[in-house]
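I opened the model to look up its helix contacts and the surroundings of its ligand. My notes follow in the order in which I looked.

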Amino acid sequence: DDPEKLQQFEARITAGAKIEPGDWMPTEYRRQLTRLIEQHAHSEIMGALPEGTWITRAPGFKRKLALIAKVQDEVGHGQLLYNAAETLGKRREAMINDLLSGKSKYSNVFNYPAETWADVTVIGFLIDAAAIVNQVANAKGSYGPYCRALERICYEESFHLKQGHDAFIELATGTAMQRDMVQQALNRWWQPIMHFFGPPDKNSVHSEKLMQWKVKMASNDEMRNQFLDAYVPKIWELGLTLPDEQLRKDEAGRWQYADPDWDLFFKVINGGGPCNAERVKVRKWAEESGRWVRTALMHSTHARALPVA
Ligand code: FAQ
């Protein structure tokens, strides 16, 4: 990259300017952003799967309606993010191929099963909450199309969080069996949620550059801490416990916790989690079963005006 252009680019970032698709950008900025936005897009569409399996079993008509709408929103977020990633030059078909071949990652949390309805409430409350902490920070970042997509996603995600919290409270204040169900689900999901923000800062390979370029606006440990600060009290005030005896806030206001199993994290994000194979299989099925629709759209008179999913 031209050093003079690089200097101008970095000066723009320092001054808080937004970088737009037609602007000059370093090759590494483009590569890193493509990786990050693509992984985020994949996470949204793969994230629809664990909850999607509960649409037919949601307890009652209103919970079912809310869940259908939420899952639909998550897939919509995927569309917004694929569009944002495409502005950097990688075609959507290439991104989907990389997801299906295992070349591209997606969030660790979506490789675990939603065993009971309580798991769905934990996802809707705490995983949406964790996603919001990350997205509110990164929406103030440097790449225009990603920030605009994140702003819209955050509005919808905040509503998901409300419905997740409401369903979670209903179980936590319900019968002994319901409380036990939600406690068991919390115990199952706690470690994946701690993993969600990525490895500790000292082992985060991409953070330094991404923070310098204002793609990431907070480090992994900072985001984990913000999440704990906002949500642990909400869990404890319902009389529920978390499966970490070391979890506490220290005098300096930082949360202390037992180090989650990072070997397990790397195993899961590299394809070895309990549901990775099943999730990719369902995605492949969707890709193949929907091909005729995309082909028909491409040949229709409106084809050029429509995005291809
Ligand atoms: N899962 O150097 P770092 C959602 C990988 S959306 C899988 O720290 P970085 C909505 C990382 O890619 C959830 N892989 O990485 C919803 C890298 O591998 P690579 C998704 C992970 O990029 C809710 C390696 O570890 N959100 O939930 C994870 O600086 C409910 C080294 O790590 C986003 O994607 C992980 N958790 O920081 C949907 C937000 N963490 O590529 C349905 C955008 C790390 O070198 C229901 N992404 N890795 O092979 C980000 O902000 C960042 O990418 C981080 C990771 C913070 C996730």
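**Entry 1: H2 and H3**

I began with the residues through which H2 and H3 touch. On the H2 side I listed Thr34, Ile37, Glu38, His40, Ala41, Glu44, Ile45, Gly47, Ala48, Glu51 and Gly52. Their partners in H3 are Leu67, Lys70, Val71, Glu74, Val75, His77, Gly78, Leu81, Tyr82, Ala84 and Ala85. Sorted by class, the residues of this contact are 11 nonpolar, six polar and five charged.

I then looked up the geometry. H3 covers residues 61–86, and its axis lies 8 Å from that of H2. The packing angle is about 165 degrees. Angles over 145 degrees count as roughly antiparallel, so H2 and H3 are roughly antiparallel to each other. I noted the crossing of H2 and H3 as left-handed.

**Entry 2: confidence**

I checked how far the model can be read, as it is a predicted one. The protein chain has a mean pLDDT of 96, and 97% of its residues reach 70 or more. For the model I wrote down an ipTM of 0.99 and a pTM of 0.95.

**Entry 3: H5 and H6**

I moved on to H5 and its contact with H6, which is made up of residues 144–172. The two axes come within 8 Å and cross at roughly 150 degrees. H5 is therefore roughly antiparallel to H6. Their crossing is left-handed. In this contact I counted 14 nonpolar, nine polar and two charged residues.

**Entry 4: H5 and H9**

Next I looked at H5 against H9, residues 220–236. Here the axes come within 10 Å, and the crossing angle is roughly 130 degrees. That angle makes H5 oblique to H9. The crossing of H5 and H9 is right-handed. From H5 the contact takes Leu126, Ala129, Ala130, Val133, Asn134 and Ala137; from H9 it takes Met223, Gln226, Phe227 and Tyr231. By class I found eight nonpolar and two polar residues in the contact of H5 with H9, and no charged ones.

**Entry 5: the ligand shell**

Which residues come nearest to the ligand? Of the 30 residues around the ligand, they are His40, Gly47, Gly198, Ser204 and His206. I had already listed His40 and Gly47 among the H2 residues that meet H3.

Which helices each supply at least two residues of the shell? I found H2 (27–52), H5 (117–138), H7 (176–196) and H8 (207–212). H2 gives the largest share, with seven residues.

Last, I sorted the shell by class. The shell around the ligand has 10 nonpolar, 14 polar and six charged residues.

**Entry 6: recap**

H2 packs roughly antiparallel to H3 and also provides the largest share of the ligand shell. H5 contacts H6 and H9, and H5 is one of the helices that supply at least two residues of the shell.

How values were computed. Residues are numbered from 1 along each chain as its sequence is written. This is a predicted model: local features need pLDDT of at least 70, side-chain atom pairs count only at pLDDT 80 or more; totals for chains, interfaces and linings use all residues. A residue is near a molecule or strand if its C-beta atom, placed from the backbone, lies within 6 Å of it. Helices (H or I, at least four residues) and strands (E, at least two) are DSSP runs, numbered from the N terminus. Ala, Val, Leu, Ile, Met, Phe, Trp, Tyr, Cys and Pro count as nonpolar, Asp, Glu, Lys and Arg as charged, and the others, Gly among them, as polar. pLDDT is the predictor's confidence in each residue, from 0 to 100. Axes are lines fitted to C-alpha atoms, for helices over the stretch in contact, and angles run from 0 to 180 degrees between N-to-C directions. Angles under 35 degrees count as roughly parallel, over 145 as roughly antiparallel, 65 to 115 as roughly perpendicular and the rest as oblique. A crossing is left-handed if the near helix is turned anticlockwise from the far one by less than a right angle, and right-handed if clockwise. Two residues are in contact if their C-beta atoms, placed from the backbone, lie within 7 Å.
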